[in-house]
Amino acid sequence: MFGLYLHIPFCEKKCSYCDFYSIESTEHIDRFVDTLLAELRLRSAAGQQPFTSVFFGGGTPSLLRPHDMHRITSLLRELFVFTDDCEWTMECNPGTVTLERLQGYRAAGINRLSFGVQSFQASELAFLDRIHNADEAVTAMLLARQAGFDNVNMDLMFAVPGQTLESLSDNLQRMVALQPDHISAYSLIYEHGTPLYADLLKGRVKPLPEEIDAEMYHLVISTLRAHGYEQYEVSNFSKAGRRCRHNLTYWHGEPYLAFGPSAHGFIGTTRYWNYRSLTAWTQHVLKGALPEANHEVLTESDLLTEHVFLHLRADGLRPLETQDRFGIDVRVALQPDLGYWIDAGFLTDDGDLLSLTAEGYRVCDEISSKAAARLAG
Ligand code: SF4
């Protein structure tokens, strides 16, 4: 697999919890698209093998007009090669879409949408500073189907202060009723540097107790499984054949190119990241220089640790693959913990694949961190 990520750094309004790079302005979009096209040309030599996924993230990519998207996808096709079944995803804020826009994105080659729904409760959406309401989320899904999208993700947030098991259950029922093909469900994180984190420090918000967070996660897993969603990563659930290929590229340690301010790429053993500033990124690209703020070269030990950590959290670890790639027998290297995790029902070993059970996903952080630490040590 080979992925391509493009970061669109504009939002109508910043959400209180968000630490992704974006600015609350749309006045620079035309210049941004011109600069993004220039960055694509700068890096075109790096992408000679066919790409299997493209992901427009942000920020709010749906602030781009279909015409902008068409310019970007046209140049991508001119410069790079894509597999026939390439997944082209675009993140959309439900408060920004119309049928005409969605049809335009579809015509530009986008074949998968990801809606940041988060909740159907007015109080929770207000707490998170989302710009959309529940009706707009429902409408966005109907319009997406009308525009011909047969692969749609919805994001759901839980452990939001003020949320109860009842309101989360209502969110889940309303979401599955819309029949998205994929659901990403995340517990609210208090990221450093966000307004939410500042409110936490000042005692203005109080996180839900850990045991409620755990109960909510359990409710998410059991409800989505009961509605035919397969859990294939700690936070990701899909209908058959609808796993997100782009995310799997990250979790399987496969290469991906990245474009746009703050975007992170990974090629060979090198991870690079662009300037987290629209101004600095633009200045570098317009001078004909790669807008890389920095990069790091991963050692063999780093790569092994990431390989085990990420595969365990996602769709499982294949000991034979790890042996071939790193010369390590993980069944030996992870003892005695591995035996305990299997006996406790957290992991299964079918002879080919070590994978987390539903119970295992609930203690995934502990298992993946301990496995990574044991291999690093
Ligand atoms: S719309 Fe998305 S990217 Fe923009 S601030 Fe909210 S969560 Fe962050």
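Aspartate 129 is partly exposed, because 14 other C-beta atoms lie within 10 Å. This comes from a predicted model. Aspartate 129 sits in the loop between helix H4 (122–127) and H5. Its phi is positive, about 65°, although aspartate 129 is not a glycine.

Glutamine 179 is another non-glycine residue with a positive phi, here about 55°. Its place is the loop between H6 and strand S6 (182–187). Glutamine 179 has 13 C-beta neighbours inside 10 Å, so it counts as partly exposed.

## Cis peptide bonds

Glycine 58 and glycine 59 are joined by a cis peptide bond, with omega about 15°. Glycine 59 belongs to the loop between strand S2 (51–58) and helix H2 (66–79).

A cis peptide bond also links glutamine 335 to proline 336. Omega is about 0° there. Proline 336 lies in the loop that runs between helix H13 (330–333) and helix H14 (337–343).

## The nonpolar cores

The largest nonpolar core holds 73 residues. Six of its members touch the most other members: Phe115, Ala144, Leu156, Phe158, Ile183 and Tyr256. There is also a second, separate core, made of 16 residues. Among them are Leu312, Val330, Leu354 and Tyr361.

In soluble globular proteins, nonpolar side chains tend to be buried together.

## Alanine 144

Alanine 144 is part of helix H5 (residues 134–146). It is buried, because it has 25 C-beta neighbours inside 10 Å and the cut-off for buried is 20 or more. Alanine 144 is also one of the residues that touch the most other members of the largest nonpolar core.

Which residues does alanine 144 contact, leaving aside its neighbours within four places in sequence? They are Leu102, Leu113, Phe149 and Val152. Leucine 99 is 45 residues from alanine 144 in sequence. In space, the two C-alpha atoms are 7.4 Å apart.

## Glycine 104

Glycine 104 is found in helix H3 (residues 99–107). It has 19 C-beta neighbours inside 10 Å, so it counts as partly exposed. The cut-off explains this label, because a buried residue needs 20 or more.

Aspartate 68 is 36 residues away from glycine 104 in sequence. The C-alpha to C-alpha distance between glycine 104 and aspartate 68 is 10.0 Å.

## Helices H6 and H8

Helix H6 (residues 165–177) packs with helix H8 (residues 210–226) at an angle of about 25°. Their axes are 10 Å apart. H6 is therefore roughly parallel to H8. The crossing of H6 and H8 is right-handed.

From H6, the contact uses Leu165, Leu168, Ser169 and Leu172. From H8, it uses Glu215, Met216, Leu219, Val220 and Thr223. What kinds of residue make up the contact of H6 with H8? The residues divide into 6 nonpolar, 2 polar and 1 charged.

## Helices H11 and H16

Helix H11 (residues 300–313) and helix H16 (residues 364–376) pack at about 160°. The axes of H11 and H16 lie 9 Å apart. That angle makes H11 roughly antiparallel to H16. H11 and H16 meet in a right-handed crossing.

H11 brings Ser301, Leu304, Thr305, Val308, Phe309, Leu312 and Arg313 to the contact. H16 brings Cys364, Ile367, Ser368, Ala371, Ala372, Leu375 and Ala376. The residues of this contact of H11 with H16 divide into 10 nonpolar, 3 polar and 1 charged. Leu312 of H11 takes part in the contact, and Leu312 is also included in the second core.

## Glutamate 12

Glutamate 12 lies in the loop between strand S1 (3–8) and helix H1 (29–42). Is it buried, exposed or partly exposed? Glutamate 12 is partly exposed, because 15 other C-beta atoms lie within 10 Å.

Leaving aside neighbours within four places in sequence, glutamate 12 is in contact with Glu24, Thr60 and Ile131. Leucine 79 is 67 residues from glutamate 12 along the chain. The C-alpha atoms of glutamate 12 and leucine 79 are separated by 31 Å.

Notes:
Residues are numbered from 1 along each chain as its sequence is written. This is a predicted model: local features need pLDDT of at least 70, side-chain atom pairs count only at pLDDT 80 or more; totals for chains, interfaces and linings use all residues. A nonpolar core is a set of buried Ala, Val, Leu, Ile, Met, Phe, Trp, Tyr and Cys residues joined through C-beta atoms within 7 Å. A residue is buried if 20 or more other C-beta atoms lie within 10 Å of its own, exposed if 12 or fewer, and partly exposed in between; C-beta atoms are placed from the backbone. Axes are lines fitted to C-alpha atoms, for helices over the stretch in contact, and angles run from 0 to 180 degrees between N-to-C directions. Helices (H or I, at least four residues) and strands (E, at least two) are DSSP runs, numbered from the N terminus. Angles under 35 degrees count as roughly parallel, over 145 as roughly antiparallel, 65 to 115 as roughly perpendicular and the rest as oblique. A crossing is left-handed if the near helix is turned anticlockwise from the far one by less than a right angle, and right-handed if clockwise. Two residues are in contact if their C-beta atoms, placed from the backbone, lie within 7 Å. Ala, Val, Leu, Ile, Met, Phe, Trp, Tyr, Cys and Pro count as nonpolar, Asp, Glu, Lys and Arg as charged, and the others, Gly among them, as polar.
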